[in-house]
Amino acid sequence: MILAGVGGVALIALGTWLDARPLQLYAVHDFWHTSPNFFLVRTGIVMVILFAGYMWCRWGAGQWGFSPLIELGKSSLLVYWVHIEFVYGGLSILPKRGVGIGTATCGLLAIFVAMTMLAALRNKFHGRAAEILGFLRRTVRA
């Protein structure tokens, strides 16, 4: 995992260095859509995130108690399905192609918190529908 993290940083550095060169592979250069350099950067970012997640769960706060990464991992298929509806489907919380970085960041944070709560509830009450209904009734009354 350490090699993945170091390799990810190296890929990010390589991709940005290659993009700064005057020589490009394609006649029409578009870093964000068709550049192999951007692919290197994205791959490096994923590798660094993978290493950071491993560190969090192995040596960090994931060992102290509640870990969003572990909760999301236990319910990944449900989280994937529901998040698709909120991000791309009819229940989208943000308008398509019409928001800035700040609004998109708030939307990402909202989706992360909502999916973590969904995963935690699913993991806590997995296979116990009667307890879920009782929990919801008590919550609504309070």
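Modeller: What follows covers the model itself, a pocket, an aromatic pair and some loop residues. This is a predicted model, in which local features need pLDDT of at least 70, side-chain atom pairs count only at pLDDT 80 or more, and totals for chains, interfaces and linings use all residues. Residues are numbered from 1 along each chain as its sequence is written, and side-chain values use heavy atoms, with hydrogens and water left out.

Biologist: What volume does the largest pocket have?

Modeller: Its volume is about 550 Å³. A pocket here is an open set of points on a 1 Å grid over the protein atoms alone, where a 1.4 Å probe fits, with protein on both sides within 12 Å along at least five of seven lines; lining residues have an atom within 4 Å of a point. The volume is the space filled by probe spheres set on the points, which are joined across faces, edges and corners.

Biologist: Which residues are closest to its centre?

Modeller: Of the 21 lining residues, these are His83, Val87, Gly107, Leu108 and Ile111. The elements giving two or more residues to the lining are α4 (76-87) and α5 (101-125); helices are DSSP runs of H or I with at least four residues, numbered from the N terminus.

Biologist: Changing topic, how many aromatic pairs are there?

Modeller: A search of the whole structure finds one. Tyr54 and Trp59 form it, edge-to-face, at 5.5 Å centre to centre with 85 degrees between the planes. Ring centres must lie within 6.5 Å to pair, Trp being taken by its six-membered ring, and planes over 60 degrees apart count as edge-to-face.

Biologist: Where is Ser35?

Modeller: Ser35 is in the loop between α1 (2-20) and α2 (36-58). It counts as buried because its relative accessibility is 7%. Its side chain reaches the backbone nitrogen of Asn37 at 3.0 Å.

Biologist: What about Trp32, buried or exposed?

Modeller: Trp32 lies in the loop between α1 and α2, and counts as exposed at 60% relative accessibility.

Biologist: And where does Ser67 lie?

Modeller: Ser67 lies in the loop between α2 and α3 (68-74), and is buried, with a relative accessible area of 1%.

Definitions and conventions. Phe/Tyr/Trp six-rings, centres within 6.5 Å; stacked < 30°, edge-to-face > 60°. Buried < 20%, exposed > 50% of the residue type's maximum accessible area, 1.4 Å probe, protein only. Polar contact = N/O pair within 3.5 Å; in protein donor to acceptor, adjacent residues only side chain to side chain.
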